[in-house]
Amino acid sequence: MDMDPDDVFRDEEDDPENDLYQERQASKELLVYLVDASPKMFNITCPGEDQKNESHFHVAVSCIAQFIKVQIINRPYDEIAICFFNTREKKNLQDLNGVYVFNVAEREHLDNLTARFIREFDCVEESFNKLIGSEYGIVSGSRDNSLYNAFWVAQALLRKGSAKTADKRILLLTNEDDPFGNIKGVTKLDMARTTLQRAKDAQDLGISIELLPLSRPNEEFNVSLCYADLIGLDGDDLAQFMPLAGERSFICADTGALVQEPPKRFQIYKNEEIKFSTEELSEIKRVSTGSLRLLGFKPLSCLKDYHNLRPSTFVSPSDEEVMGSTCIFIALHRSMIRLKRFAVAFYGSSARPQLVGLVAQDEIVDAGGQLEPPGMHMIYLPYSEDIRLIEELHSETTGNMPSATEDQIQKATALMKRVDLRDFSVCQFANPALQSHYAVVQALALDEDEMPEINDETLPDEEGMARPGIAKALEEFKVSVYGENYDEENENTAQGKANAASKKRKVASEDALVKCAYYDWPKLADDGKLKDLTVQELKYYVTAHKLPVAGKKEALISRILTHMGK
Amino acid sequence: MARNKEGLILLVDVGPTMHSVLPEIQKVCSLLIQKKLVYSKYDEVGVVVFGTEDTKNDLTKEVGGYEHVTVLQPIKVVDGDLVDVMQQLPRGTVPGDFMDAIVVGMDMLIKKYQETIKGKKRICLITNAMYPIKDPYEGTKEDQVYTIAEQMAAHGMKIDCIVFKGNQIHDTHDSIIKENDMLLSIFSKKTKAKAVRVESSTSLLGALRTRNISPVTIYRGDLELSSTFKIKVWVYKKTSEEKFPTLKKYSDKAPSTDKFATHEIKIDYEYKSVQDPSKVVPPEQRIKGYRYGPQVIPISSAELEAVKFRPEKSVKLLGFTNASNIMRHYYMKDVNIFIADPGNKKAIIAVSALARAMKEMNKVAILRCVWRQGQTNVVIGVLTPNVSENDNIADSFYFNVLPFAEDIREFQFPSFSNLPASVQPNSEQQEAADKLVMMLDLAPAGKEEALRPDFTPNPVLERFYHHLELKSKHPDAAVPPLDATLKRITEPDPEVISQNKLVIDEFRRCFDLKENPKLKKSTRRLLRDRTSGSFGGEVVKNEGRSTDLVTSTSTVKVETIGDSTPVPDFEAMISRRDSPEWVSKAIFGMKNKVFDLVENSYEGDTYPKALECLVALRRGCVIEQEPKQFNNFLHHLYRFCQEKDLSSFCEFLASKDITLITKTEAEDSEIAEGDARSLFVKAEPNSSK
């Protein structure tokens, strides 16, 4: 990792791309700078801009000063606090030793930037020794842990604001890669552990901790000593994972030349290339003038269960543009509910103009609040091209299709009464795939050793199904449909199929066994002649040795070699 | 290659009573051929018309009879000529006999394919079945049809009959129509046949399957009612969107002499480091990462593979519930259909029993489905009964995917009853609305349901293929207008509108629609709609409502300024608040638009539109307090017009009173009240010279 401090800062803060990237997640950022003010920060220097040696503390403070000047212009709503730790004086709400929160009058500790704040921060270095002072906070013999305190203060400051609306960050600037280096034995372990815990707690609250290390001229800052754990990354991989920007380029397949996004598309038709410009294509799709045009009404029974393509869209009235709209909407809404009708309209969206059904939805309220808001649901209707005629596919041509008898229906009804999900609601299941994905990401992010077990709520209630009442109803229905000897019959048919398939397989493998014997496999392998055989020939070996037969030739060869132990 | 090729005979009735719908038939048949040209170019098609003066078919030569049946095109692989053939169907003069035609078609298929391509031979009959078929030499007509149908089944032929019952006055032929219906229904019983009856020309376009997609099951296996009770089912897609054809990107880089040029464009994806955009990151240095807060957590594909959620392939019943618990708008996707394993009689009965019980009890079943082994998610859905009305078609279920808790958006909207009394409809208004909802009826009793999805073709696709055909003949052909039959899909039926004129007028009278004076946004939009409404007053009401519906669905987000509706686009963009950039983007886009319009004008034809845009831009700039943007632009535009010899536009602007934004309108403006017109005062003498 490049340790030039200036570079580090440029990467983190001055890159507009980076800022933009963060912006997608949260519009506002709450940021606490934790600046190490230990004597080490003052003693160690590095070459500055004008070839003069400057202390790390100076570098850190001037970078922050620069950054907040940019920030007040670009992101005025961000809230900032600056905290020094390893200080002689203390100033913080918790009254913890060794932590000094820098601030000016009429400003909360964590607040929007003000001009006065920036001005005073500019001259903080001059008065630093007098007002704040530098002192090692972690010394042997004392139980004080200034780093721990600093995290505590920062976390308390960031308690403000919801994690949903704001990005919370702690930026730690230090040149000490081993803050507990002076301490020995159990105390060290204990301090490291409590500090780590404190940092983890902060992360659990949605606060991210970032480290901006300042390295000494002849000695690299070793993140793995302490901080790697703290910020939850493996030392080696630190800061390596940056999102990438994907980029497409268009290449002419004939000449290999790089082309701009081409304005024309084509379709091969009658062995010719018929070209269309993008304008023509959008003109073709523009089949309707209005955006949503009412065509008429139909009874709800005309809306079949298979008339669906996509999730519905909710329509609610607004008087914002045209006064009186809400009134008309409500009148039609009531009529449609009362008359059990839905409206058919043409929705001229540019992506896919199509017919939609507008189904009026009455408001449903319960004690907990609104369950269904009042309005209309826009159901996207298929065209005839989108509907497939599956039912007719297997129609019976020699007579009538068997259908259930009254008794069988009766048994099914009885079963239905038993297995009744009375208060089923569509939102009762969490998506197990998503849940497990998030759990895995979290486990990896927090470096947890064990992969979480996800409780799949969507599995049927086996226990409930086994209850005597239900089991009996099931059994009765089963018997009425399949008859008593169902299992046997079922197995027979299944076996019949399996027999045919397995017979075929058996024949094939016997065949392979015979053919396999014609080749001297070890010799072929030793001479590297396997690649001269055909895939068919290679398959004799894998089939004869009951290895998987799938894959390309290379895969087969390597499988054979592995099997021979070579 | 041509393993799935289909052999199809189109039998078209061109007798005198069919003339009115022949244009539609030509359209839909050529669409069918065109789609074959694009999607299955090895299919073979023959065309037979009947009801013609002449007779031309093999059977008449061989055995005699079969008069007035003409083979327009013997079976051949689809090509461009076939499209032309379809577009020039002859107009017949005599009543045709569809049964003769069917026999001729069968004969052609049998001679051409004998026993091959079983199940891929299809006859498609389009007729109005208004004339009686001839009496056979022996036996009854019914017997004859049974014989034909059995033959057909033996040869693995399918037949689709589309019977057009336009709004004809020939009610006298009722008995004939009934007889013919009965005869045709024999095919459905005896063969894989489908007979549909359509009444309007629009549904005629939708009734013919223009693309033959062989259905594929997405699941075959058990429907587990419990761990011990399983039903063998097959699952197919019931609906699936037929997409607009994916056109390839065209590259003109290849020299015109290169005959083998593909003109295709390959797309290369590169990933670049955000810090250093010049650096391309090769695949081996890339790893998938997922956001966790502000961090990105890298997960290698091997790791991901190892921990991925992988349920077992199965379809399990979770339980039954009342149909009313599942609201229609929760259906998430396209629809699947569950049918019992066709070879398993017991399974068919089990499905039938369940479906009928569910229908009777008004219940639905909730299922958990994993269609394939290795699928990384589960699907929760609802099974609704589809009880067959046809004796030889089995009962089945429709399956709709339901949302998970994460998928539901719980937005609160104001309760209608809490809204102020001023927006509550009074009893007179309510009555007018009731009438409108009742009378603007698309499914009147005794008539065909209009715009039934099953018979409504996609107008965009139709138009695309039409244009494609035109372009294949003239590369510069313009986009054809939407024809009247398809307009019945996108616009209200003028017939329905005029029939219900009284109701609609009454509805209009009862409600008062005004543009919001505080928000002058939509004025132009509504005005525009008014002028474009081709049915004058009647439709305006509907459009007024329509526009307003759209503005209330906040799903439509405008991101660029389009050609068709620059002003609303601009307004939508500039008022977007999800990012401050939209204002500048909108202003920038609008400026370009104005320039385009002015520059491309021909004798000032685009000036009114440009003015509209300019007015909108000015208003936007005042609202957003960006006077400089507008003022500088106006200056710039003025200079541009002078340079390009377009001073007529400046005059036009001056005459329309377009002024700079003054200090009173926007604080930041440097233009005093008096100077607002300064630009054009100067301009006028200039341009008058």
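**Figure 1. Burial and fold of chain B in the predicted model.** Of the 689 residues of chain B, 53% count as buried (under 20% relative accessible area; exposed is over 50%, partly exposed in between; 1.4 Å probe, protein chains only). This is a predicted model, in which local features need pLDDT of at least 70 and side-chain atom pairs count only at pLDDT 80 or more, while totals for chains, interfaces and linings use all residues. Residues are numbered from 1 along each chain as its sequence is written, chains are lettered from A and ligands numbered from 1 in the order in which they are written, and side-chain values use heavy atoms, with hydrogens and water left out. Chain B holds 22 helices and 18 strands (DSSP runs numbered from the N terminus: helices are H or I with at least four residues, strands are E with at least two). Among contacts in chain B with a separation of 6 or more, 70% join residues 24 or more positions apart (contact: heavy atoms within 4.5 Å).

**Figure 2. Helix α17 of chain B.** The helix spans residues 566–574 and is mostly covered. Eight of its nine residues are buried. They are B:P566, B:V567, B:P568, B:D569, B:F570, B:E571, B:M573 and B:I574.

**Figure 3. Salt bridges within chain B.** Over all chains, the structure holds 43 salt bridges (a side-chain nitrogen of Lys or Arg within 4 Å of a carboxyl oxygen of Asp or Glu). B:E24 and B:K27 form one, at 3.4 Å, N to O. Both lie in helix α1 (residues 22–39) of chain B; being three residues apart, they are separated by about one helical turn. B:E24 is buried, with a relative accessible area of 8%. B:K27 counts as partly exposed at 21%. B:K232 and B:D222 meet in another salt bridge, at 2.9 Å, N to O. This pair links distant parts of the chain, ten residues apart: B:K232 is in strand β8 (residues 230–237) of chain B and B:D222 in strand β7 (residues 219–224) of chain B. B:K232 is partly exposed, with a relative accessible area of 31%. Salt bridges with shared partners also join B:E6, B:K36, B:D43, B:R122 and B:D160 into one network.

**Figure 4. The contact between chains A and B.** Chain A contributes 183 residues and chain B 206 residues. The buried area is about 18,800 Å², with 63% from carbon and sulfur atoms (accessible area, 1.4 Å probe, that two parts lose on being put together, summed over both). Ten salt bridges run between chain A and chain B. One of them joins the side chains of A:D420 and B:K363, at 2.9 Å, N to O. Helix α11 (residues 325–338) of chain A gives the most to the side of chain A that touches chain B, with 13 residues. By class, that side of chain A has 95 nonpolar, 42 polar and 46 charged residues (nonpolar: Ala, Val, Leu, Ile, Met, Phe, Trp, Tyr, Cys and Pro; charged: Asp, Glu, Lys and Arg; polar: the others, Gly among them).

**Figure 5. Strand pairing across the two chains.** An open sheet of three strands runs in the order β12(A)-β11(A)-β9(B), with antiparallel pairing (two strands pair if DSSP finds at least two bridges between them). Its edge strands are β12 (272–277) of chain A and β9 (248–249) of chain B, each pairing on one side only. Strand β11 (residues 264–269) of chain A meets β9(B) over two bridges. There, A:F266 has B:K248 as its bridge partner. Elsewhere, strand β15 (residues 322–323) of chain A pairs with strand β18 (residues 514–515) of chain B, also in the antiparallel sense over two bridges. A:M323 stands opposite B:K514.

**Figure 6. Strand β13 of chain A.** Seven of the eight residues of β13 (residues 292–299) of chain A are buried, so the strand is largely enclosed by the rest of the structure. β13(A) pairs with strand β16 (residues 341–347) of chain A in the antiparallel sense, over seven bridges. A:R293 has A:F346 as its bridge partner in β16(A).

**Figure 7. The surroundings of A:N92.** A:N92 is found in the loop between β4 (79–85) and β5 (99–102) of chain A. A:N92 is buried, with a relative accessible area of 10%. A polar atom of its side chain lies 3.2 Å from the backbone nitrogen of A:Q94. The backbone oxygen of A:V99 lies 3.0 Å from a polar atom of the A:N92 side chain.

Technical notes
A polar contact is a pair of N or O atoms within 3.5 Å; within protein, one must be able to donate a hydrogen and the other to accept it, and residues adjacent in sequence count only if both atoms are side-chain atoms.
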